[in-house]
Amino acid sequence: MAEVRQGVDALDRALVRLLVERQGFMDAAARIKQDRNVVHDRARIEDVVAKVKAAAREAGLSEAIAEPVWRTLIDRCIAYEFNAWDQLKR
């Protein structure tokens, strides 16, 4: 069990590094978008989720894990981007 936990901990650290990279793109989006109303884009959300579900199927990840994880991730990234936009533009 210790090896399993070490493996999970290592993956968690790798995921954090990837999420830092994703957050950087949210910062860039906040700088680029001139209108706060375009931060939340329903069509883009559904496009991202569809792509993630397809990638999950191809990679063998359960969509029951992938979809809710990404919907939560997207939701939190949008909240982060709104805050970043407000800090930059207001």
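Helices here are DSSP runs of H or I with at least four residues, numbered from the N terminus. I note that the model is predicted, so local features need pLDDT of at least 70 and side-chain atom pairs count only at pLDDT 80 or more, while totals for chains, interfaces and linings use all residues. Residues are numbered from 1 along each chain as its sequence is written, and side-chain values use heavy atoms, without hydrogens and water.

Is Cys77 buried or exposed? I read a relative accessible area of 10%, so Cys77 is buried (buried is under 20%, exposed over 50%, partly exposed in between, with a 1.4 Å probe and protein chains only).

Next I checked contacts, meaning heavy atoms within 4.5 Å. Leaving out residues up to four places away in sequence, Cys77 touches Arg22 and Met26. The C-alpha atoms of Cys77 and Gln6 are separated by 28 Å.

Then I turned to the largest pocket, with a volume of about 330 Å³. I count 16 lining residues, and nearest the centre lie Arg22, Met26, Arg44, Val48 and Glu81. Two or more lining residues come from each of α1, α2 (42–59) and α3. Helix α3 gives the most, five residues. A pocket is an open set of points on a 1 Å grid over the protein atoms alone, where a 1.4 Å probe fits, with protein on both sides within 12 Å along at least five of seven lines; lining residues have an atom within 4 Å of a point. The volume is the space filled by probe spheres set on the points, which are joined across faces, edges and corners.

Last, I looked at Val4, in helix α1, residues 2–32. Val4 is partly exposed, because its relative accessible area is 49%.
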